[in-house]
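This report describes selected features of the structure shown below.

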Amino acid sequence: MNPNTAKETYLDAMGAAEKGLAGAPSWLRELRRSGAARFAEAGFPTTRDEAWKYTDVTPIVQAGFQSVAKGANGVDPARLDGFWFENLPSHRLVFVNGHYSEKLSTPGAWPEGVTVMSLAEALRDQAHRIEPYLGRCVPEKAHGFAALNTALFADGAFIHLGRGARLTWPIHLLYVTTGAGEPLLSQPRNLVVAEEDSQAVLIENYVAIGESVYFTNALTEVVVGPHALIEHYRLQEEGAQAFHIGGLHAHLDRDGRFTAHGIDLGGRLVRNDLRSVLDAEGAECQMNGLYVLGGRQHVDNHTHIDHAKPRGTSREFYKGVLDGRSRAVFHGRVIVRPDAQHTDAQQVNNNLLLSRDAEADTKPQLEIYADDVKCAHGATVGQLDPDALFYLRSRAVDETAARDLLTYAFARDVLSRLRLEPVRSQLERHLAAKLRVAALPQTQEVF
Amino acid sequence: MLSIKNLHVSVDGKPILKGVNLEVKAGEVHAIMGPNGSGKSTLANVLAGHEHYEVTAGEVIYQGRDLLQLPPEERARQGMFLAFQYPVEIPGVSNIYLLKSALNAIRESQNLPELDAMDFLALVKDRMKLVEMPEELLYRSVNEGFSGGEKKRNEILQMAVLEPKLAILDETDSGLDIDALQVVARGVNVLRGPERAIILVTHYQRLLNYIEPDWVHVLVDGRIAKSGDKTLAYELEKHGYGWIAQESTPATV
C-alpha cells in the first residue's frame with residue numbers, strides 16, 4: 001500500500017467511525033474530529049521530518065494494518081500465565097488486540113476513591129469524568145500516529161485515583177496481540193488521573209501470543225495532581241515482527257512525582273515518545289530506560305522534559321545494548337523555561353555496541369532559558385572496555401563469559417533502578433535470556 | 001617454573017623489550033627494578049597475556065608449557081596471577097562474584113569441585129583479615145569508587161584467595177602509605193613457599209624492606225642489565241640507576 005492510499009484508508013475509517021458517534025457527547029465527537037483533522041494534516045512522518053530522521057516508518061504504512069472487532073481471536077487464560085510477575089499480587093487488566101477482556105482480567109477489589117475500568121466503558125457510562133482530561137496532555141502538533149490514535153482508538157484503561165487514594169498493589173495492564181494472519185492494528189488509549197496526594201504503580205506490558213506481523217499504536221496520558229505519586233513501568237516485549245509506536249504524556253502539578261521506566265526488549269521497529277511537563281513548583285520527574293537489541297531491531301526513544309515552573313527536578317537515565325545490525329536512536333530534549341528557576345535536570349544516555357554493524361544515534365538537546373539552574377547531560381556510544389575484559393580474563397574468566405558478564409552488568413544498571421523487586425528480577429531473567437547468559441546474582445546478595 | 005628466553009616485545013610497533021632472559025624457580029622471590037620506561041610493566045603484562053603487547057621474538061616456558069600460546073584465562077587457570085598497577089573498575093560486577101567465578105574456574109581446571117557458599121565465604125573472610133579490608137567492599141562493584149590503597153589491597157585479597165603458583169606484582173607498592181605497604185608485604189610473605197614463585201616489579205627499594213627477595217634484576221632499556229642478590233637493591237637506592245645504564249651500554253665502534 002503506498003503512503004497516500006494508506007492515509008486515505010485510515011481517513012475513510014475515521015469518517016465511518018464518526019457516523020457511529022452520533023449518540024456520543026459533543027466533546028468526544030470534537031476530540032475525535034480534531035484527531036482526524038490533525039492526521040489529515042500531518043499524515044505519516046517521513047525521514048524528512050527532523051524528529052523521524054533515523055526512523056523510517058514506511059514498513060508500517062505499507063502493511064496497511066487494520067483494527068479488528070472486539071472478541072476476535074480469543075485467548076485461553078492459561079496462555080497468559082507466563083506474563084504475570086511471580087510474587088507480585090496485582091490488579092490485572094487484560095486487553096486483547098486493543099480491546100478490554102473482562103473474561104481474562106482479574107482486577108480484584110479497589111479501595112475507596114479508586115476507579116479503574118475499560119476506557120470504552122467509561123466513555124459510555126461516565127463520560128463526564130473523562131471530559132476534563134482526555135487529550136489534554138497530548139500536544140496539538142503531535143505526530144500523525146498520535147492523531148491516528150486519538151481519532152480511532154477503541155479501548156484502553158481509565159484509571160482515576162481520588163484525592164488521597166493510595167493503591168497497595170500495582171495495576172498491571174497487559175496488552176496481548178494474538179497472531180491470526182491479518183496485519184492487525186491495535187490502538188490502546190489509556191488515561192490516568194491522579195488527584196491530589198494519591199499514589200499508584202502502573203505496569204503497561206506489551207506482549208504477543210504467536211508470531212505475527214502487527215502494529216501497536218499506543219498512547220497514555222497521565223495527569224499527576226499536587227503531591228501525587230505515579231510510578232509507571234512500560235515493558236515492551238512485543239513479538240519479533242511487531243511494530244510498536246508508543247506515546248506517554250504526563251502533566252505534573254505542584255510537588256507531583258512521576259517516574260517512568262521504559263524497557264524495550266522486543267519489537268522490530270519501535271518508537272517511543274515520552275513527554276513530561278513539570279507545570280508547577282517542586283515537581284519531580286524520573287525517566288529510566290533500557291533497550292537491548294539484536295538482529296535488525298530498531299528502537300527510537302524521543303524524550304521531552306519541559307520544566308515550566310521553578311524548583312523542578314528531572315533525572316533521565318537511558319542505556320542501550322546493541323548487537324547484530326540493530327539500531328537505536330535516543331533524542332533527549334530538556335527545556336527549562338524562563339520561569340523555571342532552580343531547576344535541577346540531569347540526563348544520561350550510554351550505548352554499548354557489541355557488533356560492528358550496530359548503530360546508535362544519540363542526541364541530547366538542552367534548551368535553557370532560565371539563569372539559575374543546574375543542568376547536566378552526557379551521552380556515550382562505545383564498546384566493551386578492553387581493560388575490563390583483560391582484567392576478568394586474567395582472573396580465569398573465559399572471554400565469552402567475560403563479555404557477557406560486562407554486557408549484562410552494563411544493562412542491569414538500569415534494572416537496578418526499578419523499585420518493584422518481582423519486576424526487576426523477572427526482567428533480569430529476560431535480559432539474561434536475551435543476552436544468552438545465566439542470570440547473575442544481585443550485587444547486594446551473597447551469590 | 002618460568003623460563004624467559006630472548007624475549008622481544010613491541011607496543012604499537014615500538015620495541016620495548018629487547019631480549020629479556022630470566023629464570024624463576026619455585027620457591028624464589030625475584031624483584032625486577034628499573035627506571036621509568038625500561039619495560040617493567042610491559043614484562044608483567046605480556047606474561048599475563050595482554051593483547052596490546054606483541055611478542056616479536058623469544059619464548060616463555062611456564063611449567064613446561066609454551067606460555068605465549070595460552071589465552072590470559074588459561075594462564076590464570078594454570079596458576080598465574082598478575083596484581084595490576086592500575087586495577088580497573090568494573091561497575092555492576094560485585095567483588096565477591098568475581099572472586100567466586102575466578103576461584104571456581106581455577107578449581108574446575110584442577111578437577112576440583114566448586115566450593116559451596118559457606119566454605120567460600122569462610123575462605124574469603126579469612127583472607128580479608130590478612131589485608132585488613134572492610135567486609136563491605138566485598139559486595140561493592142569491583143574497584144568502583146575504591147581509593148588507590150583499597151584497589152591495591154583488593155588485588156592482594158584476590159591473590160590470597162586464588163593462591164597462585166606464580167604471582168607477579170606490578171608496582172603494587174607505588175602510591176601506598178606505610179600501612180598499606182605492610183599489608184601488601186604481609187600478603188606476599190604469607191603466600192611465599194617452596195611451591196610458589198613471586199615476581200615483584202617495583203621502582204623503589206622500599207617494598208624490599210618488607211619482602212626480602214632472593215634475586216634482584218635491573219631492567220634498563222628493555223634488557224636485564226644487571227642481576228644480583230638483595231644487596232643490589234640497596235646499591236640502587238644509594239646510587240640510582242644511572243651507573244648501571246652506563247655500565248651496560250655496549251661499546252660502539
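## The site of A:Gly144

A:Gly144 is buried, at 2% relative accessibility. The model described here is predicted. The residue A:Gly144 belongs to helix H6 of chain A. Leaving aside residues up to four places away in sequence, A:Gly144 touches A:Phe39, A:Ala42 and A:Gly43. From A:Gly144 to A:Ala40 the C-alpha to C-alpha distance is 8.2 Å, although 104 residues separate the two in sequence.

## Aromatic pairs and the aromatic cluster

Over all chains, a search of the whole structure returns 14 aromatic pairs. In the pair of A:Trp52 and A:Phe145, the ring centres are 5.9 Å apart and the planes stand at 40°, so this pair is classed as tilted. A:Trp52 is placed in the loop between helix H2 (26-42) and helix H3 (58-63) of chain A, whereas A:Phe145 is in helix H6 (residues 144-152) of chain A; the pair therefore ties together parts that are 93 residues apart in sequence. A:Trp52 and A:Phe145 are both buried.

A:Phe95 and A:Tyr100 also form a tilted aromatic pair, with 5.5 Å from centre to centre and 55° between the planes. A:Phe95 is buried at 1% relative accessibility, and A:Tyr100 is buried with a relative accessible area of 10%. One aromatic cluster is formed by A:Tyr10, A:Phe39, A:Phe44, A:Trp52, A:Phe65, A:Phe145, A:Phe215 and A:Phe243. Among its members, A:Phe39 is also a residue that A:Gly144 touches.

## Charges over rings

Arginine side chains of chain A are found over aromatic rings at A:Tyr391 and at A:Phe317. The charged end of A:Arg395 sits over the ring of A:Tyr391, at 4.9 Å from the ring centre. A:Arg417 lies over the face of A:Phe317, with a distance of 3.5 Å to the ring centre.

## Nonpolar cores

The largest nonpolar core has 71 residues, and those touching the most other members are A:Val423, B:Leu2, B:Ile4, B:Leu7, B:Leu47, B:Ile90 and B:Ile199. Helix H8 (residues 399-415) of chain A supplies the largest share of this core, nine residues. Because domain 1 (3-280) and domain 2 (386-447) of chain A both give residues to this core, the core lies between them.

B:Ile4, one of the residues with the most contacts to other core members, touches B:Val20, B:Asn21, B:Leu22, B:Leu43, B:Leu47, B:Glu59 and B:Val60, not counting residues up to four places away in sequence. A second, separate core comprises 53 residues, including B:Ala76, B:Ile106, B:Ile156 and B:Leu157.

## Domains of chain A

Chain A is divided into domain 1, spanning 3-280, and domain 2, spanning 386-447. Their C-alpha centres lie 32 Å apart. In the contact between them, domain 1 of chain A takes part with 17 residues and domain 2 of chain A with 13 residues.

## Positive phi values

A:Asp255 is a residue other than glycine with a positive phi, near 55°. This residue lies in the loop between strand E12 (243-252) and strand E13 (257-264) of chain A. A:Asp255 is partly exposed, at 30% relative accessibility.

In chain B, the phi of B:Asn6 is near 50°, likewise a positive value in a residue other than glycine. B:Asn6 is located in strand E1 (residues 2-11) of chain B, and B:Asn6 is partly exposed with a relative accessible area of 40%.

## Cysteines

How many disulfides are counted over all chains? The count is zero. A:Cys137 takes part in no disulfide, and the nearest cysteine sulfur, that of A:Cys285, is 13 Å away. A:Cys137 is buried, at 10% relative accessibility.

A:Cys375 is in no disulfide either; its nearest cysteine sulfur is that of A:Cys285, 13 Å away. A:Cys375 is partly exposed, with a relative accessible area of 25%.

Conventions:
Residues numbered from 1 in each chain as written. Chains lettered and ligands numbered in written order. Predicted model: local features only at pLDDT ≥ 70, side-chain atom pairs only at ≥ 80, totals over all residues. Heavy atoms only, no water. Disulfide = S-S within 2.5 Å. Buried < 20%, exposed > 50% of the residue type's maximum accessible area, 1.4 Å probe, protein only. Phe/Tyr/Trp six-rings, centres within 6.5 Å; stacked < 30°, edge-to-face > 60°. Helix = DSSP H or I, 4+ residues; strand = E, 2+ residues; numbered from the N terminus. Lys NZ or Arg CZ within 6 Å of the ring centre and 35° of its normal. Core = buried A, V, L, I, M, F, W, Y, C linked by side-chain atoms within 4.5 Å. Domains from an automatic or database assignment. Contact = heavy atoms within 4.5 Å.
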